[in-house]
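Work through the exercises below with the coordinates open. Try each task before reading its solution.

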Amino acid sequence: IYDHELAVKLWMYLVDDGAKEYVKQYGSQQDDVKDMFPKEVRLQVAQDLADRELENIKQGEYDAPKGTVS
């Protein structure tokens, strides 16, 4: 069962990993993920991703095709 609030938490893992990788590749030794990407920003990105995927679900993006599956 899909839970939209839990989906935001799951997306947050991806957003956090992406922010860490960005700082690792493009930041300096002194840069910190929390300074470059504050939690509010990362949470908003996760919310936007979850909202976009919810719309995809509502539009039937992930429905199984009708007919036989082999």
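Helices here are DSSP runs of H or I with at least four residues, numbered from the N terminus. By that rule, L10 sits in helix α1. The model is predicted.

**Exercise 1. Decide whether V15 is buried or exposed, and list its contacts beyond the local sequence.**

Step 1. Locate V15 in helix α1, which covers residues 4–26.

Step 2. Its relative accessibility is 12%. Buried means under 20%, so V15 counts as buried.

Step 3. Set aside neighbours within four places in sequence. V15 is then in contact with R42, V45, A46 and L49.

Step 4. Check a C-alpha distance. V15 and Q29 are 14 residues apart in sequence and 21 Å apart in space.

**Exercise 2. Identify the residues of the largest nonpolar core and the elements behind them.**

Step 1. Collect the members. The largest nonpolar core has 6 residues: A7, V8, M12, V15, A46 and A50.

Step 2. Assign elements. Those that give two or more residues to this core are α1 and α3. The most comes from α1, with 4 residues.

Step 3. Look at A50 in detail. Apart from neighbours within four places in sequence, A50 is in contact with Y2, H4, A7, V8 and W11. Two of these, A7 and V8, are also core members.

**Exercise 3. Find the salt bridge and describe its surroundings.**

Step 1. Side chains of opposite charge can pair when their charged atoms come close.

Step 2. Name the partners. R42 pairs with D16, and the closest N and O atoms are 2.6 Å apart. The cut-off is 4 Å.

Step 3. R42 is in helix α3 and D16 in helix α1, 26 residues apart, so the pair links distant parts of the chain.

Step 4. Check burial. Both R42 and D16 are buried. R42 is also among the contacts of V15.

**Exercise 4. Characterise the aromatic pairs by distance and angle.**

Step 1. A pair of aromatic rings is described by the distance of the centres and the angle of the planes. The count comes to 2 aromatic pairs.

Step 2. Take Y22 and Y26. Their ring centres are 5.0 Å apart and their planes lie at 45 degrees, so the pair is tilted. Both residues lie in helix α1, 4 residues apart, about one turn of the helix.

Step 3. Compare accessibility with the cut-offs. Y22 has a relative accessible area of 39% and is partly exposed. Y26 has 57% and is exposed.

Step 4. Take Y22 and F37. The centres are 5.6 Å apart and the planes at 80 degrees, so this pair is edge-to-face. Y22 is in helix α1, while F37 is in the loop between α2 (33–36) and α3 (39–58). The two are 15 residues apart, and the pair links distant parts of the chain.

Step 5. Complete the set. F37 is partly exposed, with a relative accessible area of 24%. Y22, Y26 and F37 form one aromatic cluster.

**Exercise 5. Trace the nonpolar surface patch and the contacts around Y2.**

Step 1. Name the patch. Y2, I57 and Y62 make a nonpolar surface patch of about 310 Å².

Step 2. Y2 is in the segment before α1. I57 is in helix α3.

Step 3. Y2 counts as partly exposed at 39% relative accessibility. I57 is partly exposed too, with a relative accessible area of 37%.

Step 4. Relate sequence to space. Y2 and I57 are 55 residues apart in sequence and 9.7 Å apart in space, C-alpha to C-alpha.

Step 5. List the contacts of Y2, leaving aside neighbours within four places in sequence. They are A7, A50, L54 and I57.

Step 6. Follow L54, in helix α3. With residues up to four places away not counted, L54 touches Y2 and H4. L54 and A7 are 47 residues apart in sequence and 9.2 Å apart in space, C-alpha to C-alpha.

Note on methods
Residues numbered from 1 in each chain as written. Predicted model: local features only at pLDDT ≥ 70, side-chain atom pairs only at ≥ 80, totals over all residues. Heavy atoms only, no water. Buried < 20%, exposed > 50% of the residue type's maximum accessible area, 1.4 Å probe, protein only. Contact = heavy atoms within 4.5 Å. Phe/Tyr/Trp six-rings, centres within 6.5 Å; stacked < 30°, edge-to-face > 60°. Patch = residues over 30% accessible without salt bridge, like charges linked within 9 Å, V, L, I, M, F, W, Y side chains within 5 Å. Areas by Shrake-Rupley, 256 points an atom, 1.4 Å probe, with all protein chains shown as cover. Salt bridge = Lys/Arg side-chain N within 4 Å of Asp/Glu carboxyl O. Core = buried A, V, L, I, M, F, W, Y, C linked by side-chain atoms within 4.5 Å.
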